[in-house]
Amino acid sequence: MNHPVKAFSTVEDQVKLLRSRGLELDDEAQASQWLRSIGYYRLSGYWYPYRQPASAPQGSRKDVFIPGSSFNDVIRLYEFDRKLRTLIHDGIERIEVAMRAQVSAYLGKISPLAYQDPTNFRPSFDHKRWADIVNKRVNRARTHSEPVRHHDQKYGGSLPIWVLTEVLDFADVSRLFEGLPAAAQWRIAGELGIHIDTSSLSRSQRARAKKLHPMVRWLEQLTVLRNTGAHHSRLWNRNFVPVATAALRTVEDPQALPEGESKRVYGALVLMTFLLRHISPGTTWGLKACDLVEESFQALSYRSPQEMGFPAGWRSLPIWTP
């Protein structure tokens, strides 16, 4: 049975409601301004974990807050998540550019237009669907993309792969990588520093990895992570599609990945840190991630990095050291 839509409430009503439910508001005027700037509904996702747990159903919360919960902590959690989204966007941007370059280099050696030939890809790859999406992107890019306009004016005809990749988004590149033969996937992953020790895997894990490189599923997760952040949605306590970690844990630094599978943001941070160290030598991205968690998250009341998938003693792992 559907419930009626909730009635509209003013910011003043929202402040009174939060206070009546036990949330501490040291500065009511400041709290009102935050509610006006961000909105009650969006902020509710950040004060939800400060509500008292309910006995059933599992994982649900009561309307009243844990004693000592404050609006200030809610805002600090919101600001942490906003900074985390910004940091992840910066990291994925560099990984996306590197993937474009590697996929472009592989296909370009075959032919500037190798991406148009379905025989260069797996039989299971829906080449037509991918090409239809890409053609729409190219047509839109012709109005604003300088590389595309330059090519059209000087050469005309179809775009070579190294121009085409400039208008693809991360999902397009990830799907293209998934469609490549296994040997090409392994070659590209190796260029990114991912050298998997297949001898350390079980027979079934080895067979799966040789058929489809594990980076395929990790790129899918990074794509979801990127899109989640791009829509300003929460990242810190989000569950993503689980990705197996056994193969990548045979690589030295990614041994910091959780055993079995990774579905929280921690696993993505580990992989991104590793990739960025290879893509951008001397990068401090991983250290920035550490500082953000230690300085902006761990100081929050009732919050633990384990909520993001961080294991106990994570800070001492080699991946997080300079």
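**Close-up views of pockets, a cavity and helix contacts**

**View A. The lining of the second largest pocket has 8 nonpolar, 4 polar and 3 charged residues.** Here Ala, Val, Leu, Ile, Met, Phe, Trp, Tyr, Cys and Pro count as nonpolar, Asp, Glu, Lys and Arg as charged, and the others, including Gly, as polar. The model is predicted: local features need pLDDT of at least 70 and side-chain atom pairs pLDDT 80 or more, while totals for chains, interfaces and linings use all residues. Residues are numbered from 1 along each chain as its sequence is written, and side-chain values use heavy atoms, with hydrogens and water left out. The second largest pocket holds about 320 Å³ of space. Its lining is made of 15 residues, and those closest to the centre are Gln-205, Arg-208, Ala-209, Pro-214 and Ala-244. At least two lining residues come from each of α10 (203–211), α11 (215–230) and β3 (243–244), and α10 has the largest share, with 4 residues. Helices (H or I, at least four residues) and strands (E, at least two) are DSSP runs, numbered from the N terminus.

**View B. The largest pocket contains about 450 Å³ of space.** On a 1 Å grid over the protein atoms alone, a pocket is an open set of points with protein on both sides within 12 Å along at least five of seven lines, a cavity is a set where a 1.4 Å probe fits but cannot get out, and lining residues have an atom within 4 Å of a point. A volume is the space filled by probe spheres set on the points, which are joined across faces, edges and corners. Among the 18 residues lining the largest pocket, Lys-6, Ser-9, Leu-17, Arg-21 and Tyr-40 are closest to its centre. Two or more lining residues are given by each of α1 (11–20), α3 (40–47) and β2 (61–65), with α3 giving the most, 5 residues. The lining of the largest pocket comprises 9 nonpolar, 4 polar and 5 charged residues.

**View C. The structure holds 1 cavity of 30 Å³ or more.** The volume of the largest cavity is about 30 Å³. Around this cavity lie the lining residues Glu-24, Leu-25, Asp-26, Asp-27, Gln-30, Ala-31, Phe-71 and Asn-72. The elements supplying two or more of these residues are α2 (28–38) and α4 (71–110). By class, the lining of the largest cavity has 3 nonpolar, 2 polar and 3 charged residues.

**View D. Helix α4 crosses helix α12 (residues 265–279) at roughly 50°, and their axes come within 10 Å.** This angle makes α4 oblique to α12. From α4, the residues Leu-84, Ile-88, Gly-91, Ile-92, Arg-94, Ile-95 and Ala-98 meet Val-265, Leu-269, Met-272, Leu-275, Leu-276 and Ile-279 of α12. This contact of α4 with α12 (heavy atoms within 4.5 Å) involves 11 nonpolar, 1 polar and 1 charged residue.

**View E. Helix α4 also crosses helix α8 (residues 170–179), at roughly 40° and with the axes within 10 Å.** The two helices, α4 and α8, are therefore oblique to each other. On α4, Ile-92, Ile-95, Glu-96, Met-99, Arg-100, Val-103 and Leu-107 meet Phe-170, Val-173, Leu-176 and Phe-177 on α8. The contact of α4 with α8 consists of 9 nonpolar, no polar and 2 charged residues.

Technical notes
Axes fitted to C-alpha atoms, helices over the stretch in contact; angles between N-to-C directions. Parallel < 35°, antiparallel > 145°, perpendicular 65-115°, else oblique.
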